[in-house]
Amino acid sequence: RAQLIVGIDELDRIESAESAERFINDIKAIFGLPNCYHLIALSADALATFERRAVSARTAFDTAFDAMTRIEPMDLSTVRQLLEGRVIGLPYPFMALCHVLSGGVPRELMRVAREVFTARNSAAGGEVSCAVIANAVIRRELDALRHGLLASAARLTVPGAAELIELLDDPGGQTGDIRDYVTRVSNFLSGREKFLDAGAVADNAAAICDNLAASTYFLDTVHEVFTQHVIAVVEDLRTYDSAVQAGKADFVSPLQLLARAGAALAVNPVLAVSRPRRFRSVYKLPAMAPILLSQALTGGSQTTTPAPPSVAPQPTVPRQARQ
């Protein structure tokens, strides 16, 4: 019978799985105390290491823990219940925008919801369309991404470091066009040689560049959908609700695929690229794919800039909507 439960939070914040493993090695001697249980939050990398124990050497994770449980991101139905309990007057498409940008992570969901209302309060006029809100929120997400990567890029010692820093420090040019910025990122990352260090290795730059490429591709896809194809989003939400009411537990909305891409940004850039690419196919959006530095050996696919489709009428947030 447990008499003491010790919670160790934020272990998933340790920069690498190797560092987390060293930490577990240092403290696992206390795990054998009688009537005492330890509940620990780990990163996805650490969980993957534990799940590979059957085909790999034993690590500190599988020798220290009795069991590990993967906590999946929230689905759209759960996101809607959470937002409806915390927010008044937020239309369904805006909830879907929050779901996609947050990746279904509760903490991120509430942060994005606050960004939506900040954008609403900053806009002039009575009602504000989904296109206007999505444009403002995604621009802020892009700015946060650039600023977050600047510090890591400043530590690189490769020929292209200065150019990468300049690109990250640029808010997107005079027009602030997101598609144009995505194209510039893709063109910049096409030359692998500029990221090779003195040992002809690009691993140090790959994590930063892959994060930049996958994130801008994801944000551009979300921007295109929620500014130019909101009617399709509404139809998708209706189909999803019908499936939920019919008890189809295995039904997955295409928007859920895009949300899963957002959840994969921090841990797996390859998935963060493949999922939006599949989503674009479902929504019949122009095919485009970014370059991942880790995969670019002699080149890669360039981002294309298709002509913008016509803009359909947009759902709006009424003036009386409040948080």
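Is glutamate 224 buried or exposed? With a relative accessibility of 4%, glutamate 224 counts as buried (buried is under 20% relative accessible area, exposed over 50%, partly exposed in between, using a 1.4 Å probe and protein chains only).

A word on the model comes before the rest. This is a predicted model, in which local features need pLDDT of at least 70 and side-chain atom pairs count only at pLDDT 80 or more, while totals for chains, interfaces and linings use all residues. Residues are numbered from 1 along each chain as its sequence is written, and side-chain values use heavy atoms, with hydrogens and water left out.

The chain has a mean pLDDT of 80, and 80% of its residues reach 70 or more; pLDDT is the predictor's confidence in each residue, from 0 to 100. Helices (H or I, at least four residues) and strands (E, at least two) are DSSP runs, numbered from the N terminus. Where pLDDT is low, the predicted coordinates should not be read in detail.

Back to glutamate 224, and its partner. Glutamate 224 forms a salt bridge with arginine 179, their closest N and O atoms lying 2.8 Å apart (a salt bridge is a side-chain nitrogen of Lys or Arg within 4 Å of a carboxyl oxygen of Asp or Glu). The pair ties helix 10 to helix 9, bridging 45 residues of chain. Arginine 179 is buried too, at 11% relative accessible area. Both belong to a salt-bridge network that also takes in Asp220 and Arg280. In the whole structure, 11 salt bridges turn up. One of them joins arginine 80 to glutamate 84 at 3.1 Å, within helix 4 (residues 76-86) and about one turn apart. Here arginine 80 is partly exposed at 26%, and so is glutamate 84 at 45%.

Then there is the nonpolar interior. A nonpolar core is a set of buried Ala, Val, Leu, Ile, Met, Phe, Trp, Tyr and Cys residues joined through side-chain atoms within 4.5 Å. The largest has 79 residues, and Leu164, Phe218 and Val222 are among those touching the most other members. Helix 10 (residues 203-228) gives the most to this core, 13 residues. A second, separate core of nine residues includes Ile8 and Phe65.
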